[in-house]
2 protein chains.
Amino acid sequence: MTGERQILVETLTATDFAPFGQVIEKAGAHHYTINKGMTERYHDLATVELGGENPRPLISIFVGQPYRLPLTLTMMERHPLGSQAFCPLGPDPFLVIVAPDEGGEPGRPRAFLTSAGQGVNIGRNVWHGVLTPLDNAAEFLVVDRGGDGRNLEEHDFATPFEVVISP
Amino acid sequence: MTGERQILVETLTATDFAPFGQVIEKAGAHHYTINKGMTERYHDLATVELGGENPRPLISIFVGQPYRLPLTLTMMERHPLGSQAFCPLGPDPFLVIVAPDEGGEPGRPRAFLTSAGQGVNIGRNVWHGVLTPLDNAAEFLVVDRGGDGRNLEEHDFATPFEVVISP
């Protein structure tokens, strides 16, 4: 596969991920003490977007089977009516693949590797890959949108991308 | 302390917790496979309640310092405008103290001990104790309500309760 279709994994940071959503993490977050000093609240870490007809937030648990690198990326999807947050319930890193929109299709994808303690909130209508744990199966708490209307759009690449750790 | 003010810790189950909210867990949940067989979605595990003016769901991380049993329960609180979900980001059990309302005050509390993999969503306006990890500090993903209006009511007991593992 030529380098042109290779996507090099990047370390997930709030700044780099900002065009696509938010990193859900304590680092850098506004926080304050409650419960007579016993609890620290890292406050309001994600912009939950609830569009369309009769929207409501859903809390679900996803159990994802692992993928291995290099990963062949054949498809991306997006949710036109709401955001989708993924918070790992264990310490293992996972891969977050996102892409800018280019005329209604995903442009060149970017692949971010999380660190322990990082979740993500993928913005409404942002192209992204499927849930991608690495090495081990993993559980995630997911906050996304329920309600009326079709909230899934998929795009198959004519030529797949290959996600790699090093070129 | 007399037995009348003693609260015996119970094992958390969805049935016993139903008057107060939902247990967020895979066991017994509606689930289905997505992502070409790679992900199992345990769907819509909590009723997120968003009342009052300009409500929106918040995703936050709480870090709670541990308590020890027996625990002296001097105060309970409730949130008139929204529900509050607590999902542990580690395997340790925690204590969930709730009470029915009796004329605008908490009635006799009940104390539930979670198992690994269980979170809770405490219903809008349900009396509850503060976040109560046991033994070790613990992190939780919290989904509650932001927006306008006062969303906290506290009640101090004239005589505290004592939460115990065995009588």
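Two strands count as paired if DSSP finds at least two bridges between them. In this predicted model, that definition applies to B:Gln22, which stands opposite B:Asn121 in S12(B).

- Strands of a sheet pair through backbone hydrogen bonds, either parallel or antiparallel.
- Seven strands form an open sheet with antiparallel pairing, in the order S3(A)-S4(A)-S5(B)-S15(B)-S7(B)-S12(B)-S2(B).
- The edges are strand S3 (31-34) of chain A and strand S2 (21-24) of chain B; each has a single partner strand, so one side of each is left without a neighbour in the sheet.
- On average, neighbouring strands of this sheet are turned by 25 degrees against each other, direction ignored.
- Four bridges link S2(B) to strand S12 (residues 119-122) of chain B, in the antiparallel sense.

**How the two chains are related**

- Two copies of a chain are related by a rotation about an axis and a shift along it.
- Here chain B is superposed on chain A by a rotation of 180 degrees with 0.0 Å of shift along the axis, and the RMSD is 0.0 Å.
- The two copies are therefore related as by a two-fold rotation axis.
- B:Leu89 has the C-alpha nearest the axis in chain B, at 2.4 Å from it.
- Of the interface residues of chain B, 100% are also interface residues in chain A, so the copies meet through the same surface.

**The nonpolar core**

- The largest nonpolar core contains 26 residues.
- The residues with the most contacts inside this core are A:Ile24, A:Ile59, A:Leu141, B:Ile24, B:Ile59 and B:Leu141.
- In chain A and in chain B, strands S5 (56-64), S7 (84-88) and S15 (138-146) each supply at least two residues of this core.
- Leaving aside its neighbours within four places in sequence, B:Ile59 is in contact with residues of chain A, including A:Ile24, A:Leu45, A:Val48 and A:Val143.
- Within chain B, and with those neighbours again left aside, B:Ile59 is in contact with B:Leu141, B:Val142 and B:Val143.

**A buried arginine**

- B:Arg78 lies in strand S6 (residues 71-78) of chain B.
- B:Arg78 counts as buried because its relative accessibility is 9%, and buried means under 20%.
- The side chain of B:Arg78 makes polar contacts with the side chain of B:Asp101 at 3.0 Å and with that of B:Asn125 at 3.4 Å.

Methods: Residues numbered from 1 in each chain as written. Chains lettered and ligands numbered in written order. Predicted model: local features only at pLDDT ≥ 70, side-chain atom pairs only at ≥ 80, totals over all residues. Heavy atoms only, no water. Core = buried A, V, L, I, M, F, W, Y, C linked by side-chain atoms within 4.5 Å. Buried < 20%, exposed > 50% of the residue type's maximum accessible area, 1.4 Å probe, protein only. Contact = heavy atoms within 4.5 Å. Least-squares fit on C-alpha atoms with pLDDT ≥ 70 in both. Axes fitted to C-alpha atoms, helices over the stretch in contact; angles between N-to-C directions. Polar contact = N/O pair within 3.5 Å; in protein donor to acceptor, adjacent residues only side chain to side chain.
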